[in-house]
Amino acid sequence: METRRKKRFIAGATCPKCRAMDTMMLYMEHGVEKVDCVACGHSQSQTDTKVSEAGGGDVIGLFKPQ
């Protein structure tokens with residue numbers, strides 16, 4: 001398992017909680033893909049199995065706004 005957290009911002013993404021644009025940060029932590037908003041602290045997480053089930057080899061993550 002990888003414990004290092006390489007963080008990347010998602011261009012054009014809007015936080016589902018505070019609606020701020022370009023504040024969503026994507027990273028992997030212990031095999032779980034996570035997205036955090038640096039403005040309000042909102043976070044979402046998703047395991048690799050959900051991403052692989054979605055198909056498409058170039059998928060980074062599947063996050064649906066609430």
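## Strand β1 meets strand β2

Strand β1 (residues 8–9) is joined to β2 by two bridges, and the pair runs antiparallel. Strands pair here if DSSP finds at least two bridges between them. In this pairing, F9 stands opposite M25 in β2. Please keep in mind that this is a predicted model, in which local features need pLDDT of at least 70, side-chain atom pairs count only at pLDDT 80 or more, and totals for chains, interfaces and linings use all residues. Residues are numbered from 1 along each chain as its sequence is written, and side-chain values use heavy atoms, with hydrogens and water left out.

## The whole chain

Of the 66 residues in the chain, 26% are buried. Buried means under 20% relative accessible area, exposed means over 50%, and partly exposed lies in between (1.4 Å probe, protein chains only). The accessible surface comes to about 4600 Å², and carbon and sulfur atoms own 51% of that surface. These areas come from the Shrake-Rupley method with a 1.4 Å probe, and for residues only the protein chains shown count as cover.

You can follow the pairing residue by residue: M28 stands opposite E33 in β3, and E29 stands opposite V32 in β3. Two residues lie between the strands of this hairpin, and H30 takes a positive phi near 55°.

How much of β2 is buried? Five of its six residues are, so the strand is largely enclosed by the rest of the structure.

M24 is found in strand β2, and it counts as buried because its relative accessibility is 3%. M24 and A13 are eleven residues apart along the chain, yet their C-alpha atoms are separated by 6.3 Å. Leaving aside neighbours within four places in sequence, M24 is in contact (heavy atoms within 4.5 Å) with residues including F9, I10, A13, C15, V35 and C37.

M25 is also found in strand β2, and M25 counts as buried at 11% relative accessibility. Not counting residues up to four places away in sequence, M25 touches K7, R8, F9, K34, V35, D36 and V38. M25 and S43 are 18 residues apart in sequence and 9.3 Å apart in space, C-alpha to C-alpha.

## A nonpolar core

Which residues make up the largest nonpolar core? There are six: A13, C15, M24, L26, V35 and C37. Strands β2 and β3 are the elements that give two or more residues to this core. A nonpolar core is a set of buried Ala, Val, Leu, Ile, Met, Phe, Trp, Tyr and Cys residues joined through side-chain atoms within 4.5 Å. In soluble globular proteins, nonpolar side chains tend to be buried together.

Two of the core residues are cysteines, C15 and C37. C15 is buried at 0% relative accessibility, and C37 is buried with a relative accessible area of 3%. How many disulfides does a search of the whole structure find? It finds zero. A disulfide is a pair of cysteine sulfur atoms within 2.5 Å. The closest cysteine sulfur to that of C15 is in C40, at 3.7 Å, which is too far for a bond. For C37, the closest cysteine sulfur is in C15, again 3.7 Å away and too far for a bond.

H42 sits in the loop between β3 and β4 (43–47). H42 counts as buried at 15% relative accessibility. Not counting residues up to four places away in sequence, H42 touches C15, P16, K17, V35, D36 and C37.

## One salt bridge

The structure holds one salt bridge, defined as a side-chain nitrogen of Lys or Arg within 4 Å of a carboxyl oxygen of Asp or Glu. K34 forms it with E29, and the closest N and O atoms are 2.7 Å apart.

Technical notes. Helices (H or I, at least four residues) and strands (E, at least two) are DSSP runs, numbered from the N terminus.
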